[in-house]
Amino acid sequence: MSFNYQKTDTVAGHTGGDNRDIEFTFDYLDDDDIKVFKTDTSGTALVLGTNWQFQNKKQIRILNGTANVGTIANGDVFIIQRQTNVDTASVTYAPGSSIRAEDLNNNQLQALFSAQEREERSVPSTGGTVTGNVNIAAASIVFQGATTDNNHETTVTPKDPTG
């Protein structure tokens, strides 16, 4: 699967000491919807303004030598990902307030972007490939027969790694 709302940049031909500029092509609503990671998305995102900054609407700059970035070197991988905030509506309307087309469009884009991201990052029921870590806490993986539910499943239950 090719990600449309994520850009992966692997550093090559870097001479050291310089910041790293990375361009991306996807649209977003708010600067806070852009997350930047070093290596993979399972860790904590780099901090806007501390570890990276916007150069323009579709280009960021990784700041060399900052905490969590370190010295940028060949082979480093940076991931720029759109993660649309859906905790609150893009625009909230009040009784008697005017409704602007731009506000309606932004609310629709917020829902659309969120749906696109969820679909892109999910594994379909027909199967797929998962990259990165999958953390399963206090649960088992149960393999059920394709057509028969008959108590003859295969269950994989992890042991406590500290036990």
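Me: Does Glu117 count as buried or exposed?
Reply: This is a predicted model, in which local features need pLDDT of at least 70, side-chain atom pairs count only at pLDDT 80 or more, and totals for chains, interfaces and linings use all residues. Residues are numbered from 1 along each chain as its sequence is written, and side-chain values use heavy atoms, with hydrogens and water left out. Buried means under 20% relative accessible area, exposed over 50%, and partly exposed in between (1.4 Å probe, protein chains only). Glu117 has 1% relative accessibility, so Glu117 counts as buried.

Me: Which residues are joined with Glu117 into one salt-bridge network?
Reply: A salt bridge is a side-chain nitrogen of Lys or Arg within 4 Å of a carboxyl oxygen of Asp or Glu. Glu117 forms one with Arg118, the closest N and O atoms being 3.9 Å apart. Through shared partners, salt bridges join Glu117 into one network with Arg82 and Arg118.

Me: How many residues apart in sequence are the parts that the pair Lys38 and Asp76 ties together?
Reply: The side chains of Lys38 and Asp76 form a salt bridge at 3.7 Å, N to O. Lys38 lies in strand 3 (residues 34-38), and Asp76 is in the loop between strand 5 (59-62) and strand 6 (77-82). Strands are DSSP runs (E, at least two residues), numbered from the N terminus. The pair therefore ties together parts whose separation in sequence is 38 residues.

Definitions and conventions: Helix = DSSP H or I, 4+ residues; strand = E, 2+ residues; numbered from the N terminus.
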